[in-house]
4 protein chains.
Amino acid sequence: MRFLSDNTGTVCPEILAALGQANHGLAAPYGEDEWTARLDGALGAFFGVELRAFAALTGTAANALALATLSPPYGAIFAHEQAHIVTDECGAPGFFSGGAQLAPLPGEHGRLAATTLATALALPVDLHHVQPAALSLTQPTECGTVYRPRDIEQLAALAHARGLKVHMDGARFANALAFLDCHPGDVSWRAGVDVLSFGATKTGALAAEAVVFFDPALVRDFELRRKRAGQLLSKSRYVAAQLLAYIESGLWKRNALRTNALAQRIGAAASSALLHPVEANEVFLRLGVPRRHALREAGFEFYDSGPEEAGEARFVVAWDQRESDVQALCEALGRH
Amino acid sequence: MRFLSDNTGTVCPEILAALGQANHGLAAPYGEDEWTARLDGALGAFFGVELRAFAALTGTAANALALATLSPPYGAIFAHEQAHIVTDECGAPGFFSGGAQLAPLPGEHGRLAATTLATALALPVDLHHVQPAALSLTQPTECGTVYRPRDIEQLAALAHARGLKVHMDGARFANALAFLDCHPGDVSWRAGVDVLSFGATKTGALAAEAVVFFDPALVRDFELRRKRAGQLLSKSRYVAAQLLAYIESGLWKRNALRTNALAQRIGAAASSALLHPVEANEVFLRLGVPRRHALREAGFEFYDSGPEEAGEARFVVAWDQRESDVQALCEALGRH
Amino acid sequence: MRFLSDNTGTVCPEILAALGQANHGLAAPYGEDEWTARLDGALGAFFGVELRAFAALTGTAANALALATLSPPYGAIFAHEQAHIVTDECGAPGFFSGGAQLAPLPGEHGRLAATTLATALALPVDLHHVQPAALSLTQPTECGTVYRPRDIEQLAALAHARGLKVHMDGARFANALAFLDCHPGDVSWRAGVDVLSFGATKTGALAAEAVVFFDPALVRDFELRRKRAGQLLSKSRYVAAQLLAYIESGLWKRNALRTNALAQRIGAAASSALLHPVEANEVFLRLGVPRRHALREAGFEFYDSGPEEAGEARFVVAWDQRESDVQALCEALGRH
Amino acid sequence: MRFLSDNTGTVCPEILAALGQANHGLAAPYGEDEWTARLDGALGAFFGVELRAFAALTGTAANALALATLSPPYGAIFAHEQAHIVTDECGAPGFFSGGAQLAPLPGEHGRLAATTLATALALPVDLHHVQPAALSLTQPTECGTVYRPRDIEQLAALAHARGLKVHMDGARFANALAFLDCHPGDVSWRAGVDVLSFGATKTGALAAEAVVFFDPALVRDFELRRKRAGQLLSKSRYVAAQLLAYIESGLWKRNALRTNALAQRIGAAASSALLHPVEANEVFLRLGVPRRHALREAGFEFYDSGPEEAGEARFVVAWDQRESDVQALCEALGRH
C-alpha cells in the first residue's frame, strides 16, 4: 500500500477523456493549437483576472522557469529552507537562472513568518552581494500546512516593498484551495503573487503544470526560456487539454477534497505523533524507528522525513488511493 | 490541409491504448515504475546491444541533455549548419551545457561530408579555443536526406580519432530506418554513435523521446542533468509506456513507411522543383514566390524554407495525414 | 626576435610611473578610490561625450562582460567569423552570457560588409530561434584592417534598426585611431557604438581594459556581472591609474603610431605576399611553408595564420619592439 | 584612519621592484613566459610537495574557478554560512560552476565543527538532490580565527570519505601561517586540502592570487575555465613575478606577522567587547551603535559587522598601516 506521494496516482478519467477528445485532426504545433489558445481564458476565468498562462511538463521546470524569469543570474531567491526548490530539484533554479543563489530561511511547520522575511530583507545589500530578486512561497507548504490569504499578503507586501517579485510553488495548489475554501484569487494575485506554478499532475493529470503570470510584462522572456529548456511541447494540444479539463471539470476540487479528507483521517488516527497540523494532503508523524520499520514490514510504503534516526515519516494520499488502504493504515497506526 | 510538420499529427491509437493500459494502480514515481524498468531491455532488443535508455519529453531536451553530457562548458560541438540544434532550439545546447559553442559546418543536402569534418578537425587547438568535444549528426537530415551506414562510420571514426563523442539527433529516426531498410544498429552503435536521441513524437507518440546511451559511462551525469532540467516525469510510467508501445507494436515502421511513401509521391509530383532527393519524410521544393503564394491561397499550409524571397517550401506528412490531402497537393503541384 | 603579438611587450614607463605614484596611503577598495572616480571624466573628455567607464583586467573579460550585458542567454551575437570572441576566447561569450549563441558572418579582410549583415538580419525570427541581440565589431579587425567611420555607421544603423545593441572589441583601438587620425568619437559613439572594449594592455599597459558605456542604462547590470566574474579588483586604484596614464599622457597615440609604422615597413618589405592591407599593427603574409620555416630557423617568432599547410604567417609589433628586430625581419623577408 | 580591510594597502616595495625587474624584453604571452614557468617550483618548494600553481587576478575568481573545477553544475558546495563565497562574491561560485548550490553551515567563531559537517554529510542523497561535491574552508575564517592543522584534517577526512574534494579559501593564508607558526603544508596538503586559493593581494601584492592544485588531475579543466573566464593575463609575467616575490622574499611572513600583531593590540585595547578571539588580522567588536558612531565621528573608517542595529564593527589592518593609526584607535577604544 503506497503512501509515497500523490504522484503515484493514475491519470484521472476526465483527463484521459480529454486527451482522447483532442485526438483528431492535424493541429498546428508548438502552442499554436486551439486548446492552447483557450488557456488564458480558462485560467483567467478561474482566477478572476486577466492573465497569461503557459503549460510546462513538470513542477521542477515550472518553478525553475518562473524563477529564472524573475531573477537575474546574480539574484537571490528567498524561500523556506525546506522548499522543494531548495531541497528536491537537483539545483534547477540555479541551472535555469544561470546561477541565482537560494537564500533559505527557517520557519515553523514549513511556513515563512513575516518577521523572518523582514529581518532577512533588512540586511544591507551592495555590489558584493547577490541581489534580492524573488520570494518563492510554497502553497501548501512542504509540511502540508496552508498559508492563509493574510499570511501571503504580508509576505508579498514585504517582498514588493523591497522590489522583489513573488513566486508561488503550487504543486498542490488545489489542496490549499480545498482546505481554505476560498477563491483562487485570494491566495494568488489578490494577495500579491506575481507568478504561480499551478500543478495539475499530483491531483490527477498525466503531466501538466500551468505557469500563470499575473504580471504580463515578463511573458516574452518566459516563452523563450521555456522553448530553450525543451518544455514547449510540439503536440502542445495534449498538455493544454489536460489543464482545461482539470480546471473546467472541477476535478481539481473533487480530488483535492478527497485527498485532504483522507489525510486528515490518517492524522486523526495518530494525532499524538503529528509533527505538523494536517491541513492539506500530507501527514508527518514521529513514529520512532522501530514502529516505522514495523509499518513497512506490514506492507506500507512511505518516505522518511528528516534524517533516518529521527524516526519520522511522511504519508501522502493519491487522488485514487483506495479507501481500504487508508483504513488499513489508520488501523495499523492505531495499533501501535 | 496541413503539411507543416509531422508533429501536427494526433497520437497513434496504439500509444493511446498503452496510456490506458498503464492507467491502473499506484506506481512508484520518477522512473521507479515497472514500465520504465523495461525500457533498457526493450530498446536493447531493438538495437541488438546492451544499452541504457532514458525518456525525455521533447526533442530539444533530448538533444541538449545528451550534448551537455558529452561536452564540457568550454567544448565545441560540430554539426551541420542547418541542424535543428543550430537553428531551431533557441540556443538549447548552449543553455544545457553551460555555454558550449556550436561549430556549424556546411554540407550538400543537409549531410556533412567526411572531408569537411576532417578539415575542421585538423585545425590546431590550444588553450584559447573551445575544445572539440562532440559531433552531432542528424538522421535523417534537416533536408530529408538519409546518411548511409558507411557515411556515419566514416564521420564517427574521424570524430573518435580526435577524442570527440558522437551524438545523433534522430527526431525522425524511424523514417531513416524505413528508408534504408537496415537494422537499427547499422546506423547507430555499429556505425559509431555514442548517444542517440530517438524520437517517437513525430511518428505517432504524444510526447516521448528516448535518449539512448550506447556508452554507459556517461549515464549518471545524464540522469542528474535530466532531473535538474525538469525532464524527469513524476508519473514516468506514461512516457515509458509510449516508448514501449512505439517500439514493440511496430508502429514506428508502419508510420514511417507510410509517411516516406507519401512524401515521395509529393516529390514525384514536382520532381523538377526538388531541392533535395526525397529519402525520408520531408520534401523541399523551389516553387517561386507566386506559385508558393497560390498554393497557400488554395488552402495548403507549409513552411517557407530559406529566406522569404527564395520562394522555397517544405512539406512534411503527418503519420495520420489523409491520403486525399496528399492527392490534392500532388494535383495542385502538377497544375502549376 | 618576437613578432608573436603586441602583448609580448613590457609595461610602458609612464604606466609604471603611474603605478608608483598611486602607491601611497590607504585607499578605499573595490572602485571607491580616487583614481577610479576620475575614469568617467577622463574617458569622457577623450571621447567627447558623457559616459560610464569601468576597468577590467583582460580583453576576454571586457568583451564577454559587455556582451553578457547586451544579450540575454537566448540571444544571438553577430560577429565576423574570425573575431576574437568567436575564435580565441575559449567560449567566453557563451560563458558570461549564460549560453548566448554566436552568429559568425564572413567578410573580406576581416571586415563585415553591410550587405552581409543586412541579409543575416533579414532572416525571419520566431520563438525557436536565438533572438538577435548584439552586433560585435572588431576595430581594428583581426586582419589588421580598419573600419572607416562610415562603415561603422552603416553597420550600427542596421543593427539598431533591428533592435540590436552594438559592441566594439577595441583591443587595439589606439591603432585604429592612429591610422584613421580621427576623433575617438568618430568610430565609437558618433558612429553608433553602444559599448566599447577599449584595450590598453597591448599598447603599453600592464593589464587594463576599459569597458566604456555610451548607453548608461546598462551599467548596473554590468557592475554586478563584473563583480561576480572576479573582475573587480580590490586594489582598483592600480588598474584605474593605468587607464588614466594611458589616456592622459598620450602614450596610446605615440605607441600606436610607432607600431603602425613599423608594421607598414614589414608589409612594404613583402608587399607581394600580403594577404590583407596593412592598416593597423598586424601583417599577414602568404609565405609558403618552406619560407616560413626558414624565417623561424633564422630566429623569428610569429604565429601561423590559418591551417598549417597554407603557409601563412602573422607578424605583430610590440610597442617596445627594437627597430633592429624590424630591420632584420624586413631584410629577411626581402632576401626570400 | 582606514581600518576597512587589508586591501586598502599599497603595493609592497618588493612587489613593485619585482614588476620593474620583469619589465625588460619581449616575453611570450599567456603564461608561456619564464616567470610563470617558475611558479610550480617556487610554490612547490614553499609547500614542500610537487604541485601545479596558476595565477588568478582576484580572490573571487580564484575561489570560484577552483570550485567550478571541483563541482559539477549539479553539485553542492559545503561552506561556513559566513564564508566569503557565500556572502560576498555576488554569486560567483554559482556563475563559474554553472549553477552549483551552496550548502551553508553554521559554526562558532567562523569555524565549521566536524560534527556539523558530519551531520550534513550523513543526510541521504538521491537523484533529486544536489550532489555533495566540495567542501570549502576559509583559513583564516571570516571571523579572524584560525583552524588548527588537526581541525582541517578532521574536516577533510570527513569530506574525502564521502567523495568530496576540499578547497581552501586562503585570501589571508599568510596570516594563518604566521599565527600558527607551522609549515605551509600542515594546513594544506598534509591536512587534506586538494586545492588552495592562496592570496597575496591582501598581504602586499598588487593583484595576485595563486590557485594551487595538490591534486594534478584537475588541472586541464581549470586552465580552460581560467582562460574562458578572462583570468589568463596576456602579460602574465607581471602576475607571476608578484607571486614569486611574495613567496621568495619572505614578505608574506613579515607583513602577516605585523598585521597580526597590530590586530592583537587593537583586540587587547577592547578585550571586553571582543566577539571572536583575535588570531589573524581581523578584530570584531560589539561596540553598540552610539559608540560605533562616535568612533566614526572621530575619523575611523571600518565596516559594520552584522545588521546595523547590532552595533558590531570589524577592524582590519593593512600591511602598511601606520602604527600611529593603530595607537590612535587603541586609545579611542580605551576611552570609551
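Between chain B and chain A the count of salt bridges is zero, a salt bridge being a side-chain nitrogen of Lys or Arg within 4 Å of a carboxyl oxygen of Asp or Glu. The model is a predicted one, in which local features need pLDDT of at least 70, side-chain atom pairs count only at pLDDT 80 or more, and totals for chains, interfaces and linings use all residues. Residues are numbered from 1 along each chain as its sequence is written, chains are lettered from A and ligands numbered from 1 in the order in which they are written, and side-chain values use heavy atoms, with hydrogens and water left out.

Contact here means heavy atoms within 4.5 Å. By that criterion, 52 residues of chain B touch 52 residues of chain A. The two chains bury about 4200 Å² between them, and carbon and sulfur atoms give 60% of this area. Buried area is the accessible area (1.4 Å probe) that two parts lose on being put together, summed over both.

Chain B is superposed on chain A, with an RMSD of 0.0 Å, by a rotation of 180° and a shift of 0.0 Å along the axis. Such superpositions are made by least squares on the C-alpha atoms of residues with pLDDT of at least 70 in both copies. Within chain B, B:A229 has the C-alpha nearest the axis, at 3.7 Å. Both copies use the same surface, since 100% of the contact residues of chain B recur in chain A.

## The interface of chains A and D

Chain A and chain D also have zero salt bridges between them. Here 19 residues of chain A are in contact with 19 residues of chain D. The area buried between these chains is about 1400 Å², with 54% of it on carbon and sulfur atoms. Three residues, A:C90, A:Q101 and A:H128, supply 33% of the area that chain A buries against chain D, more than any other three residues.

## Aromatic pairs

Over all chains, the structure holds 66 aromatic pairs. Rings of Phe, Tyr and Trp (its six-membered ring) pair if their centres lie within 6.5 Å; planes under 30 degrees apart count as stacked, over 60 as edge-to-face and the rest as tilted. The pair of B:F54 and B:F222 is tilted, because the ring centres are 5.3 Å apart and the planes lie at 40°. B:F54 belongs to strand β1 (residues 52-56) of chain B and B:F222 to helix α10 (residues 219-228) of chain B, so the pair ties together parts that are 168 residues apart in sequence. Helices (H or I, at least four residues) and strands (E, at least two) are DSSP runs, numbered from the N terminus.

Both partners are buried: B:F54 has a relative accessible area of 5%, and B:F222 one of 0%. Buried means under 20% relative accessible area, exposed over 50%, and partly exposed in between (1.4 Å probe, protein chains only). In chain D, D:F47 and D:F214 form an edge-to-face pair, with 5.4 Å centre to centre and 75° between the planes. D:F47 lies in helix α3 (residues 39-47) of chain D and D:F214 in the loop between β7 (209-213) and α10 (219-228) of chain D, 167 residues apart. D:F47 is buried at 0% relative accessibility, and D:F214 is buried at 14%.

## Helix α3 of chain D

The buried residues of α3(D) are D:L39, D:A42, D:L43, D:G44, D:F46 and D:F47. Just after this helix, D:G48 takes a positive phi of about 75°.

## A buried glutamine in chain C

C:Q231 is placed in the loop between α10 (219-228) and α11 (237-248) of chain C. At 1% relative accessibility, C:Q231 counts as buried. Leaving aside neighbours within four places in sequence, the contacts of C:Q231 include C:A55, C:L57 and C:R226, and also D:A229, D:G230 and D:Q231.
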